[in-house]
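Hi,

Here is the structure I promised to hand over.

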Amino acid sequence: MTATKGLEGVVATQSSISSIIDDQLTYVGYRIDDLAEKSSFEEVVYLLWNLKLPTQAELQAFKQELANNMEVPEQVIEQLRSYDLSKVHPMAALRTSISLLGLYDDEADVMTEEANHRKAIRIQAKISTIIAAFSRIRQGKEPIKPLKDLSYAENFLYMLNGEKPNAIEVEAIDKALVLHADHELNASTFTARVCVATLSDMYSGIVAALGALKGPLHGGANEQVMKMLTEIGTEENALPYIKEKLANKEKIMGMGHRVYRNGDPRAKHLQKMSKELTTLTGQEKWYNMSVKIEDYIKKEKGLPANVDFYSASVYHSLGIDHDLFTPIFAMSRVSGWIAHILEQYSNNRLIRPRAEYVGPTTQQYIPIENR
Ligand SMILES: CC(=O)SCCNC(=O)CCNC(=O)[C@H](O)C(C)(C)COP(=O)(O)OP(=O)(O)OC[C@H]1O[C@@H](n2cnc3c(N)ncnc32)[C@H](O)[C@@H]1OP(=O)(O)O
Ligand SMILES: O=C([O-])CC(=O)C(=O)O
């Protein structure tokens, strides 16, 4: 038995949800470029969960179902008020909040298809309310209740900022949510599948996935990109900063990918959004710095920008706190996690690989009093 470090190249399951073939990403066979340009986030969530695009009537009903389920139990809000939020990372609070949400769901351990569909809706709907409530409470403000006639992206921004967002803001968030919704067997999705393959419940699968997404080599990279851009500060400082990092063998956040070699197809959409939004806010320096870094890393290391790279300056331009970037990723990716959890349940087998043992062998046991 020989281990493959990081399971690189290992095909661990079959899936009908999303594919990455020759650097092209599709959701259920639909090209990400088409979905990013033409569909809404709700339409994409419906697609991932039902493996078909909705009709107008199905989409309307689905949007309404989501909007009707956005309010969260008061105990979940109270729990957020109980910590010192200045010291708590929102991904940790979100992980705990989703776990707590499961305790108030009478169907948490009911494993029928219908109950799983209802839980899917509840989790997808409520996650945005929790993230917005975290942010409001941290600012000493009251959480805002969702409105039933707003889209998912609109409701999130409304609950976050306390005022109805403009069309540009809504379009940016909606497109970012579409672009982040699913991505084959990435680390957090694999984690969710491993968890529920024991026939554990959906909440446990999502909590496990949140833990995996939080790390800076995965979803946590978007926050780190903005930290890096802030440290760089000026366009002139971009290359000296990057060269020093590389000389110290440090990784450049938002660059590189396990699967894509010639470029992440989502990055170009976020790059375009970053250019537009930074121009609109008169903060082009974030975009210009990012382009300089991307070009340099591509030339020197042959590494492409990934989805996290330009999303940082997009969210920053929308005035969003940097530590909320990864929770926003989670708010989108939860749709993919749920799709994969449902797929896992529908054709389940325990996921249990082997390890290549490299520790000592044939040791002689020495009684504790003689050690
Ligand atoms: C949504 C997402 O999860 S997208 C990924 C988000 N993560 C990041 O942006 C973090 C930065 N990037 C990385 O750490 C990596 O590129 C990963 C984690 C995305 C992929 O990692 P892996 O496929 O395991 O590649 P690995 O880390 O082994 O790197 C291979 C080589 O490229 C180098 N490399 C990879 N990414 C980077 C980077 N961002 N900056 C500098 N060098 C890099 C490594 O140092 C290594 O070089 P070596 O062979 O000389 O030692
Ligand atoms: O697929 C991966 O390894 C990481 C990624 O880009 C994602 O999860 O969106």
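Before anything else, please keep in mind that this is a predicted model.

Let me begin with ligand 1, which has 18 residues around it. Ala221, Lys251, Met255, Gly256 and Arg258 are the closest of these. Sorted by class, that shell is made up of seven nonpolar, seven polar and four charged residues.

Now to ligand 2: its surroundings consist of His183, Asn186, Arg258, Val259, Asn306 and Val307. Here the classes come out as two nonpolar, three polar and one charged.

Next, the active site. The UniProt record, an unreviewed entry, puts this feature at His257 and Asp308. The two are spread over 52 residues of sequence, yet they cluster in space, with a largest C-alpha distance of 10.5 Å. As for where His257 sits, look in the loop between α12 (238-247) and α13 (267-280).

Helix α4 (residues 74-81) and helix α5 (residues 90-103) have axes that come within 10 Å and cross at roughly 150 degrees. Angles over 145 degrees count as roughly antiparallel, so α4 is roughly antiparallel to α5. Their crossing is right-handed. On the α4 side the contact is made by Val76, Gln79 and Leu80, and on the α5 side by Ala93, Ser97, Leu100 and Leu101. Five nonpolar and two polar residues make up this contact, with no charged ones.

Best wishes

Definitions and conventions. Residues numbered from 1 in each chain as written. Chains lettered and ligands numbered in written order. Predicted model: local features only at pLDDT ≥ 70, side-chain atom pairs only at ≥ 80, totals over all residues. Near = placed C-beta within 6 Å. Nonpolar A, V, L, I, M, F, W, Y, C, P; charged D, E, K, R; others polar. Axes fitted to C-alpha atoms, helices over the stretch in contact; angles between N-to-C directions. Helix = DSSP H or I, 4+ residues; strand = E, 2+ residues; numbered from the N terminus. Parallel < 35°, antiparallel > 145°, perpendicular 65-115°, else oblique. Left-handed = near helix turned anticlockwise from the far one by under 90°. Contact = placed C-beta atoms within 7 Å. UniProt positions renumbered as here; feature names shortened; annotations may be inferred.
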